[in-house]
Amino acid sequence: MIQGDFMTAFSSEQKRNMILDSAFYLFSTKGFYETKISEIAEHAGIAKGTVYLYFSSKEELFKEITRRNFNVFLIELTDELSKTDSFENKLNIIAKHHLTYFYSMRNHTRIFFQGLNNDPEFMQLMFEHIENYVNLVSEILDVESIIEAKLHAKAFIGILENYKMDILFSKDFTMEDLSQRVSFAVKLFMNGYNNKE
């Protein structure tokens, strides 16, 4: 079966996702600026021209990868949160989901440090994701009648973002380390600072 015949077996959505998967892999391992559209096409097993049928540029590909990752992150988190009514369990789910996501991406760190920071559309995409994430956490805090729920939500996410850097920059970081930080973040948020063992 020649490549053209092989590719006709895939739907338009499947082809689109194959391109996104290949672009994500190459951007996150080789680098956005170092990756060529032709390399993405080769990795996906398609012709270079096919990429342009779906995406006009590398920049558009990067934005769509980011959008897809954000959507999956929030959809999966929302699904997990729906499985419990316990406030502490929900905080644990948020912390574990946040840190596990970055742990799963620890071999693809370049994707996090090569954003399109001068692109207004990309910056708007980032802003909207952060807003959606904060709002999701804030709604959980609202149920508990926590004052300034949105500020508290930002503080909790901020703790997790700090721990994220441990994951991305430490090659020795383990799942045990991750579990310890999840537990610590939740206890700190619920109980505040405690200088006693």
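The chain has 9 helices and 0 strands, with helices (H or I, at least four residues) and strands (E, at least two) taken as DSSP runs and numbered from the N terminus. Read along the sequence, that gives the pattern α-α-α-α-α-α-α-α-α. This is a predicted model, in which local features need pLDDT of at least 70 and side-chain atom pairs count only at pLDDT 80 or more, while totals for chains, interfaces and linings use all residues. Residues are numbered from 1 along each chain as its sequence is written, and side-chain values use heavy atoms, with hydrogens and water left out.

The C-alpha atoms fill a box of roughly 65 × 35 × 35 Å along the principal axes. Of the 197 residues, 41% are buried; buried means under 20% relative accessible area, exposed means over 50%, and partly exposed is in between (1.4 Å probe, protein chains only). Contact here means heavy atoms within 4.5 Å. Among the contacts with a separation of 6 or more, 69% join residues 24 or more positions apart.

Now for the inside. A nonpolar core is a set of buried Ala, Val, Leu, Ile, Met, Phe, Trp, Tyr and Cys residues joined through side-chain atoms within 4.5 Å. The largest one has 30 residues, and those with the most contacts inside it are Leu77, Ile94, Tyr133, Leu141, Phe156 and Leu160. At least two residues of this core come from each of helix 5 (58-81), helix 6 (87-104), helix 7 (120-143), helix 8 (149-169) and helix 9 (175-191). Apart from this core lies another, of 21 residues, including Ala23, Phe27, Ile40 and Leu116.

What does Tyr133 touch, leaving aside its neighbours within four places in sequence? Its contacts are Phe73, Leu74, Leu77, Ile94, His98, Ile157 and Leu160.

Next, a helix pair. Two packed helices are described by the angle between their axes and the distance between the axes. The axes of helix 5 and helix 6 come within 10 Å and cross at roughly 150°. Helix 5 is therefore roughly antiparallel to helix 6. For these values, axes are lines fitted to C-alpha atoms, for helices over the stretch in contact, and angles run from 0 to 180 degrees between N-to-C directions; those under 35 degrees count as roughly parallel, over 145 as roughly antiparallel, 65 to 115 as roughly perpendicular and the rest as oblique. On the helix 5 side, the contact includes Asn69, Phe73 and Glu76, and on the helix 6 side it includes Lys90, Ile93 and His97.

| Residue | Relative accessibility | Class |
|---|---|---|
| Ser145 | 63% | exposed |
| Tyr52 | 41% | partly exposed |
| Lys164 | 13% | buried |

Lys164 is in helix 8 and touches Leu99 and Phe102, not counting residues up to four places away in sequence. Tyr52 belongs to helix 4 (residues 48-54). Tyr52 and Val143 are 91 residues apart in sequence and 47 Å apart in space, C-alpha to C-alpha.

Ser145 sits in the loop between helix 7 and helix 8, and Glu148 is found in the loop between helix 7 and helix 8 too. Most residues other than glycine have a negative phi. Ser145, however, has a positive phi near 60°, and Glu148 has a positive phi of about 55°.
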